[in-house]
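Q: Please look at the chain shown below. How is its fold described, and what do the terms in that description rest on?

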Amino acid sequence: RVFGVAKNAIATHVEPMYSFPTPADISDAEAASIPVVYLTVYYALFEKARMRPGESVLIHAGTGGVGYAAITVALARGYKVITTCSAPKREFLKDRFGLKDDQIGDSRSDSFVETVMKVTNG
């Protein structure tokens, strides 16, 4: 079992551009989502935003698939991360990524604007 990315391919047999062994503890459907979320992050951060280390990035829905991947990549690249989530998920983000309360805004209201303004000094 493998997952990956191939050009012009929606099939069971392709010539992959990139492929990786599927970990035994995840389903094929879960494995198939990995390239999609990380390619979305790559396109957003590097192709569109052209982010540089030390810059700030706001990642909405940090506990969703794309949000989780974006936080992972952003921290690895040295970006200052500000994210949003619902109140019950704050501890997960703090535990998993070492984020502080002032880096996590409420995704259920527009109060995250205050969080962004504080972290970025306006």
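A: From the N terminus on, the elements run β-β-α-β-α-β-α-β-α. Helices (H or I, at least four residues) and strands (E, at least two) are DSSP runs, numbered from the N terminus. This is a predicted model, in which local features need pLDDT of at least 70, side-chain atom pairs count only at pLDDT 80 or more, and totals for chains, interfaces and linings use all residues. Residues are numbered from 1 along each chain as its sequence is written, and side-chain values use heavy atoms, with hydrogens and water left out.

Q: How many helices and strands does the chain have?
A: The secondary structure comprises four helices and five strands.

Q: What is the mean pLDDT of the chain?
A: The mean is 94, and 100% of the residues reach 70 or more; pLDDT is the predictor's confidence in each residue, from 0 to 100.

Q: Why does Y18 count as exposed?
A: Exposed means over 50% relative accessible area, buried under 20%, and partly exposed in between (1.4 Å probe, protein chains only). Y18 has 53% relative accessibility and therefore counts as exposed. Y18 is found in strand β2 (residues 18–21).

Q: What share of the residues counts as buried?
A: Of the 122 residues of the chain, 30% count as buried.
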